[in-house]
Amino acid sequence: MIQFAGLIIALLAVAFLLRIDFVYYIVYVCLGVYAASRFLTPRGLRGLLAGREFAPNAFLGETVAVTLRLHNQKRLPTPWLEFNESIPPELRHGQAMHQVVGLKGREQVSFTYQVQAAQRGYYRLGPLRLSTGDLFGFAARQRGLLAADYLTVYPRIIPLTQLGLPSRLPFGTIASTQRLFEDPARPMGVRDYRSGDSLRQINWKVSAHTRDLVVKTFQPAISLETAVLLNLHRDDYEARDWRTTTEWAIVTAASLAAHLINQRQPVGLITNGVDPLLGAGAAEGPDFDEVSGRLLRRAAPDGAARAGALTDVPPPILPRNGRAHLMKVLERLARIEVERTAPFAQWATSACIHLSWGVTILAITAFGDEATCQALHRLLRAGFNPILIAVEPDYNFNLVRERARGLGFRAYNVARLRDLDPWRRPRRQVPV
Amino acid sequence: MSNLYRSLLARRVTPAEEAAAAAHAAHYRADRWTQYAIRPLLIALLVGALLSGLLLVVEIASGDGSWQALLPLLFLVALEAIYTTLWLQHPDRMILDKPVYRLAELVFILVVLRVVSWLMAGADLPTLADLALYLRNPGAFFSYGRFLPIAFLALLTWGLSVLLSSIFAQLALSEFEIRYYTQPPVRRAAWADNQPIRISRGNLVGRFLVIWVYGGVLLLFFTALSTLALDQLSMRFNLLALARLGLPPQMLVALLVYFLAGLWLLSQARLAVMNAHWLLNGVVKNASVERSWQRNSLLLLLLVALAASLLPIGSTLAISRILNLLIYYSMLLINLIATLFALLVFAVFSRLAREGAQEAPERSEPFDPAAFLEGMEQNEAAGGSETLTFIFSSAVWTLLIVAVVAAVIYFLRERGLIGGDNRQIKQNWRAFVAWLKQLWAALRWRVRDARLTWQERLRIAPAEEATAESPTARPRFIRLNALSPREQVRYFYLAAVRRAGERGVPRRQSETPLEYVEDLKANWPEAEQEVEQLTDAFLKARYSPQPIEKEDVNPVKETWRQVKGYLRRRTQPPADGAPAEEDAAPGN
């Protein structure tokens, strides 16, 4: 731009020295173009509204359409606008969203790109980097940013038909196969006294007020509360193939939770994995892997000293039912990462202290070794209904099954998809 | 990376990716209007404006008003240089882009200029004596008819045009760059050896800016020269006293064109730089960018030019007066110092002169070129041999003619204008003829379309006019199935009205359909219901915005047939059957 400044000076010199009025006009034009470029360019992004629209959750294998909307709210056009949407490599499907457009005054444009939910996780979409500039190269480029949004890709869910899990609850079990009881801990309302009603159920205060006998009514106890106890302690798995096996454990957990919620049963999730959104450093904001685009666990300040600590383990999700609760469970499973926290045998007993008596515990872990079986036996003695689901392949699993039977609980080896077949058959073929 | 591996990598590109790459590349290829019309024209205007300033100064200095007539010629030379540069940028012709070819081009231009300058000088065909003179003295051939100054100006124009167009040709994305950088990454990795060399486009823009700025300063210099009054200059040379004498209109236009074209070209250069930046970074370019860029830059320039025209001009500004004062006193100081220095030098030299006083040289005669040439010829005639002169000049001419003919043939043959099978010309001609045919067909189609549209619109009108002029006239060439359902219903009613008119119950101009239906019912009481139905259908078709479907037409058609049957029963019109004054136009 030194040359341009030199031209202006030369023009001014000629205009002043020779008093050629028309040269002033040329000076005005040159300075006007320069001033307009400098004035308009910083304002290029001010009246620009950018937005991103997409479904924030996706199931594995789904294609999610993400729409970027750019609205030039000014009357003045934006001659060129370059935008670059950062898309995680694991989600990329088709061309990158790095484009340049020209926007007229008050024009709105939208661009849609697809992302492929190919791997469970919590991904960052964006940020959208915007830049614009002038038409003559007099002004520096202006840059803007649309903050990132997040996409949760749920783990794979394998449809199950019937689990056939045993219940130990005396006052409630699955669906219509058992008798219906009323839970005295869940009062629901009152009704008129009928002959045969227990005197203990009479609501004396209301009866006195209404001068007529009324009895309490209770919610029927038909639910089988289940907690999925997912072991993601890395050292409990075979070092050779721990990534694949732990992913399979998560898929199994998600499938069981989805099935039980679909059966209108309350399900909870307790895991000793790490949720990067809730763990150490979460307050500083999420950190994402540049290669995969997945959420990363922020390194603990004291590094290895923290390895094995249970402080990063997310709080348990207590059993509830309903689709919203299932989404909560699946979101946790989408983000959860394997970490060296606490071995299953040490952790299992303490992890279940918040659960009610009689809850069925689906313990998903690597093997059914002695320590694991003893831990589950302790849970049994504590009044729970533990069931072992081992996800590592074990050709001598009959020994484990016998050991578990001896200790009073059942054990299943679910190391591959076909191991789930008994739970995927049509309902009629499976004994309840 | 082995070649086999690379070729395997390159094959992994899917057809969808191929298509995306092709679409991506299409947006980076410069718009043909910009490449072949706007940009060359702007460069030619820029060069033309600069040369126009020079020509104006020469015109003022020489007092000959014909110099400005050279401007179109120089403009053509500029265009020729620009288009040749563009032509040479094609990958198939890059091999020709050598100094030899450009020299041949220059010789061709000079030959054309020689002819043009001859014609401009108004000379007849050369006589034998002239030819003999040119044979003896080749210099006389070239000096005739202002050829040398014209050639100099043309050379200047050509050089400047080639320089500027080369800059813009390099700034534009080459086909190699577009092909390489629009490929998917896998293929790009496979073609790593073919990666185009990166050009520093920022430096090229800087070069253009420098040329434009220096050209601008030169034009300002010409402007300043064009405002000088030479008689004043001869009396007293005082820079500050050079009052503005008003700019000649040509200079004004040249200044305006030069700076506006330069600014627009600057914008074009910026676009080229951004294009390269986007291409190299894999940015998908939207088709709107190029259009938006051209439109906005032109609009901004025009708006600024308009706004600037409303601003006060230089000498009316107070700041300008203050600056003038400052400059005046600065110049006065410099003048004083210079005078003192001159006095000092004069004193030293006068002292030296006094010491070595010599006789003043005789005043020389003014230089007369004609007398000088005549003297030279006389000297040659006296001193040298006539035969030797003839041999020498013949050799010069032979060499010159051979060189010129070779250069012109080389230039024209490579352009495909002579020699070979003239495939390019034939191809261009065929394309031109095809374009003309296409244009003619499009025109015919449009005319036919317009005719059909008007016929459609006026379809009812002929029936109306015919009824008005002659009650018995029938509309012709109406294909009922070609009409829309709405128009079919209207046709049935109007046909019934026409028949009723023929039977002596015409519809008066002032009569509405609902009034007319009473007349019909009075005359054909047996058809009361049908006539009412037909009228209702007409009113709905004429005034209701509701759509009329094809299924609605059949009942109306049936009703119309029944009405027609009733109307036929009265075969004789009444005796006082006046010409129908009906207005069966759809407008009622």
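## Interface between chains A and B

Chain B and chain A bury about 4600 Å² between them, and carbon and sulfur atoms account for 74% of that area. Buried area is the accessible area (1.4 Å probe) that two parts lose on being put together, summed over both. The model is predicted: local features need pLDDT of at least 70, side-chain atom pairs count only at pLDDT 80 or more, and totals for chains, interfaces and linings use all residues. Residues are numbered from 1 along each chain as its sequence is written, chains are lettered from A and ligands numbered from 1 in the order in which they are written, and side-chain values use heavy atoms, with hydrogens and water left out.

In this interface, 57 residues of chain B are in contact with 45 residues of chain A, where contact means heavy atoms within 4.5 Å. The count of salt bridges between chain B and chain A is one; a salt bridge is a side-chain nitrogen of Lys or Arg within 4 Å of a carboxyl oxygen of Asp or Glu. The residues concerned are A:Asp134 and B:Arg270, with an N to O distance of 4.0 Å. Nine residue pairs, both members at pLDDT 80 or more, are in polar contact across the interface of chain B and chain A. A polar contact is a pair of N or O atoms within 3.5 Å; within protein, one must be able to donate a hydrogen and the other to accept it, and residues adjacent in sequence count only if both atoms are side-chain atoms. On the side of chain B that touches chain A, at least two residues each come from α11 (201-226), α13 (249-280), β1 (284-285), α14 (287-309) and α15 (318-355) of chain B. The most is given by α14(B), with 13 residues. Helices (H or I, at least four residues) and strands (E, at least two) are DSSP runs, numbered from the N terminus.

## Chain B as a whole

Chain B has 23 helices and one strand. Of its 588 residues, 37% are buried; buried means under 20% relative accessible area, exposed over 50%, and partly exposed in between (1.4 Å probe, protein chains only). Among contacts in chain B between residues at least 6 apart in sequence, 76% join residues at least 24 apart.

Accessible areas come from the Shrake-Rupley method with a 1.4 Å probe; for residues, only the protein chains shown count as cover.

## Nonpolar patch on chain B

B:Trp429, B:Phe432, B:Trp435, B:Leu436, B:Leu439, B:Trp440 and B:Leu443 make a nonpolar surface patch of about 780 Å². Patches are made of residues with over 30% relative accessible area and no salt bridge: like charges are joined within 9 Å, nonpolar side chains (Val, Leu, Ile, Met, Phe, Trp, Tyr) within 5 Å. B:Leu443 belongs to helix α18 (residues 423-457) of chain B and counts as partly exposed, at 44% relative accessibility.

## Salt bridges within the chains

Over all chains, the whole structure holds 21 salt bridges. One of them pairs A:Arg52 with A:Asp149, the closest N and O atoms being 2.7 Å apart. A:Arg52 lies in strand β1 of chain A and A:Asp149 in strand β11 (residues 149-153), so this pair ties together parts that are 97 residues apart in sequence. A:Arg52 is buried, with a relative accessible area of 10%, whereas A:Asp149 is partly exposed at 28%. A network of salt bridges links A:Arg52, A:Glu85 and A:Asp149.

A:Arg403 and A:Glu370 also form a salt bridge (3.3 Å, N to O). This pair links distant parts of the chain, 33 residues apart: A:Arg403 is in helix α8 (residues 397-407) and A:Glu370 in helix α7 (residues 370-381) of chain A. In chain B, B:Glu511 forms a salt bridge with B:Arg508, with the closest N and O atoms 3.5 Å apart. Here B:Glu511 is buried, at a relative accessible area of 3%, and B:Arg508 is partly exposed, at 46%.

A:Asn72 lies in strand β3 (residues 63-72) of chain A and is buried, at 0% relative accessibility. Its side chain makes a polar contact of 2.9 Å with the side chain of A:Lys74. A polar atom of the A:Asn72 side chain also lies 3.0 Å from the backbone oxygen of A:Leu76. Not counting residues up to four places away in sequence, A:Asn72 touches residues including A:Gly47, A:Leu48, A:Leu103 and A:Glu107.

A:Pro56 is in the loop between β1 (48-53) and β2 (57-58) of chain A, and is partly exposed at 43% relative accessibility. Leaving aside neighbours within four places in sequence, A:Pro56 is in contact with A:Tyr150, A:Leu151 and A:Thr152.
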